[in-house]
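Let's take a friendly walk through a ligand site and a pair of packed helices. Here is the model to follow along with.

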Amino acid sequence: MQTAARVASGPVGDTHSDWVARDAAVVWHGFTQMSVYADNAPIVVERAEGREIIDVEGRRYLDAISSLWVTTLGHRVPELDQALRDQIDQVAHSTMLGHGNRATIELAEALAPRVPMDDPHFLFASDGAEAVEQALKIAFQYWTNQGVEGRHQYLAFTGAYHGDSIGSLSVGDGGFGTDVFNPLCFSVRRAPYGDLAMCVATIAEHAERLAAVVVEPLVQGAAGMAMCTPEFMTAVAEACRRHDVLLICDEVATGFGRTGTLFAVEQCGVRPDLMCLGKGITGGYLALSATAVSRRVYDAFLGPDLSDRTLYHGHSYSGNALACAVARRHLELIDEQDVLANVVARGAQLAAALADGVAPMAAVSEIRQRGLMVGIELAPPVEGLRWGRRVSAACVERGVLIRPLGDVIVLMPMLTSTAEEIDRIVVVVASAIAEVTTT
Ligand SMILES: *Cc1c(COP(=O)(O)O)cnc(C)c1O
């Protein structure tokens with residue numbers, strides 16, 4: 001009674017600081033130290049238009065991180081809004097366990113010819129981490145279903161990030177303060193990302209113990225936009241094929257146009273055995289992810305009813321009809337609006353503008369970019385300056401929403417960004433870097 005009364009009579013005003021207080025009183029934010037949450041000038045969003053988010057006092061911010069990499073076309077896209085309304089009039093959700101749903105089937109049919117895989121099936125979930133978790137479990141059981149023993153290990157890469165569930169955290173390479181969970185994680189064989197010779201040798205040497213290789217194709221987003229070459233990806237895929245190890249490509253960050261093709265593996269001529277999809281799959285609208293599985297892997301799970309070849313895994317909201325309807329319309333819009341061409345054009349413009357206005361700055365040590373994924377590495381002269389955090393805060397003050405990864409300034413503009421917006425982002429970032437690093 002006491003607690004309920006206190007919450008009910010808590011701050012209920014309508015100013016920005018009232019909302020921050022109400023937020024801090026009841027919401028726990030991920031990757032955020034809540035004791036200082038309110039002091040770090042959080043934005044409290046009320047609505048959005050196109051590529052801008054609008055806070056509770058009407059301030060507008062150009063969203064240069066696409067709501068942490070999920071928004072593709074923009075907010076309140078009329079066609080996606082309509083797809084959602086249309087589906088709501090049919091059904092919001094029904095279970096995938098043993099039964100089907102039209103919206104889910106139609107999405108899988110639309111995805112199947114677009115993912116570069118052999119005759120894929122899709123196991124849906126809600127977050128990228130779950131898509132990875134599903135892939136790890138499927139890869140493991142693929143071998144046990146065939147009576148192959150000892151394939152218990154995964155090869156993953158330095159700098160990898162695959163999500164925050166215990167399995168996906170295990171194949172990730174730590175960082176972000178998650179090391180506290182190390183005692184809970186299983187051990188993983190690790191190779192240097194991008195080191196072709198070392199990786200191929202490791203696969204050859206340990207193939208008999210490996211269930212799968214797990215890799216982020218072309219770009220490791222959370223590592224601060226670490227890059228590998230298409231040749232590296234091709235060699236990894238080739239080594240997997242030669243030594244009969246499954247290849248899991250985590251396209252949660254790179255998928256749905258981010259790097260200029262629908263999927264990054266298309267630029268490498270790689271056809272994975274399993275693919276993890278998430279983030280941009282619904283254009284940033286709803287929680288949906290999927291593990292795509294090639295025919296060879298899928299077939300290993302077929303057997304008598306109730307047999308132990310079955311995949312005993314599922315989530316309550318798997319294949320959610322609202323999310324699937326939006327995802328299917330989103331896939332159509334990527335073609336209708338020629339979104340990939342815009343990614344290529346704006347990516348080239350962004351690269352040129354950064355080379356011109358940001359790369360020469362003394363505080364900048366390197367700029368890494370693929371499509372509309374960019375990491376600007378700052379080089380603070382001593383530790384503890386928190387340049388990444390301070391530069392991002394200076395961008396937010398200038399009306400451009402940025403979130404850093406350590407001292408890497410991440411730019412993830414939406415795929416429909418205009419030339420003017422790209423120029424504005426670069427001008428704002430350059431002036432923010434200048435302000436923070438020269439005073
Ligand atoms: C974000 C991300 C994930 C995790 O996705 P969530 O939806 O946050 O669980 C997995 N892999 C990669 C490459 C990612 O960028």
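A polar contact here is a pair of N or O atoms within 3.5 Å; within protein, one must be able to donate a hydrogen and the other to accept it, and residues adjacent in sequence count only if both atoms are side-chain atoms. The model is predicted, with local features needing pLDDT of at least 70 and side-chain atom pairs pLDDT 80 or more, while totals for chains, interfaces and linings use all residues. Residues are numbered from 1 along each chain as its sequence is written, and side-chain values use heavy atoms, leaving out hydrogens and water.

| Residue | Residue atom | Ligand atom | Distance |
|---|---|---|---|
| D250 | side-chain N or O | nitrogen | 2.6 Å |
| G128 | polar backbone atom | oxygen | 2.7 Å |
| A129 | backbone N or O | oxygen | 2.8 Å |

On its own the ligand has 380 Å² of accessible area (Shrake-Rupley method, 1.4 Å probe), and the protein covers 83% of that. The residues around the ligand (a heavy atom within 4 Å) include W69, Y161, H162, E216 and K279. By class, this shell holds five nonpolar, three polar and four charged residues.

Now to the helices. α8 (residues 196-206) packs with α9 (residues 230-242) at an angle of about 10°, and their axes are 9 Å apart. That makes the two helices roughly parallel (under 35 degrees). In their contact (heavy atoms within 4.5 Å), L196, C199, V200 and I203 of α8 meet residues of α9, among them F232, V236 and C240. The contact residues are nine nonpolar, no polar and one charged.

Note on methods: Axes are lines fitted to C-alpha atoms, for helices over the stretch in contact, and angles run from 0 to 180 degrees between N-to-C directions. Helices (H or I, at least four residues) and strands (E, at least two) are DSSP runs, numbered from the N terminus. Angles under 35 degrees count as roughly parallel, over 145 as roughly antiparallel, 65 to 115 as roughly perpendicular and the rest as oblique. Ala, Val, Leu, Ile, Met, Phe, Trp, Tyr, Cys and Pro count as nonpolar, Asp, Glu, Lys and Arg as charged, and the others, Gly among them, as polar.
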